[in-house]
Amino acid sequence: MKHIFSVEGMTCAHCEKAVSKALLAIDAHAKIVIDRTVDFVEVLSDLPAEKFIQAIEDEGYRIVH
């Protein structure tokens, strides 16, 4: 499944790395694309979106619905 999120608060490469690390901790085989310039996070994984949303929010970023 392809999950696409708009994530507020990612302002630097460290932010991208933190989000990526958190997502990979949920699914080590997920394919992740992050573009902080447009608040874009895409995750390709068979796991439900809710798991990734929680991981992103646990890192201190906000999902924009």
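1. A crossing is left-handed if the near helix is turned anticlockwise from the far one by less than a right angle, and right-handed if clockwise. By this convention, α1 and α2 cross in the right-handed sense. Helices (H or I, at least four residues) and strands (E, at least two) are DSSP runs, numbered from the N terminus.

2. This is a predicted model, in which local features need pLDDT of at least 70, side-chain atom pairs count only at pLDDT 80 or more, and totals for chains, interfaces and linings use all residues. Residues are numbered from 1 along each chain as its sequence is written, and side-chain values use heavy atoms, with hydrogens and water left out.

3. Helix α1 (residues 13-26) and helix α2 (residues 49-58) have axes that come within 9 Å and cross at roughly 140°. Axes are lines fitted to C-alpha atoms, for helices over the stretch in contact, and angles run from 0 to 180 degrees between N-to-C directions. Helix α1 is therefore oblique to α2.

4. On α1, Val 19, Ala 22, Leu 23 and Ile 26 make the contact (heavy atoms within 4.5 Å), and α2 contributes Lys 51, Phe 52, Ala 55 and Ile 56.

5. The chain contains 2 helices and 4 strands, in the order β-α-β-β-α-β from the N terminus. Its C-alpha atoms fill a box of roughly 30 × 20 × 20 Å along the principal axes.

6. Confidence is expressed as pLDDT, the predictor's confidence in each residue, from 0 to 100. The chain has a mean pLDDT of 96, with 100% of its residues at 70 or more.

How values were computed
Parallel < 35°, antiparallel > 145°, perpendicular 65-115°, else oblique.
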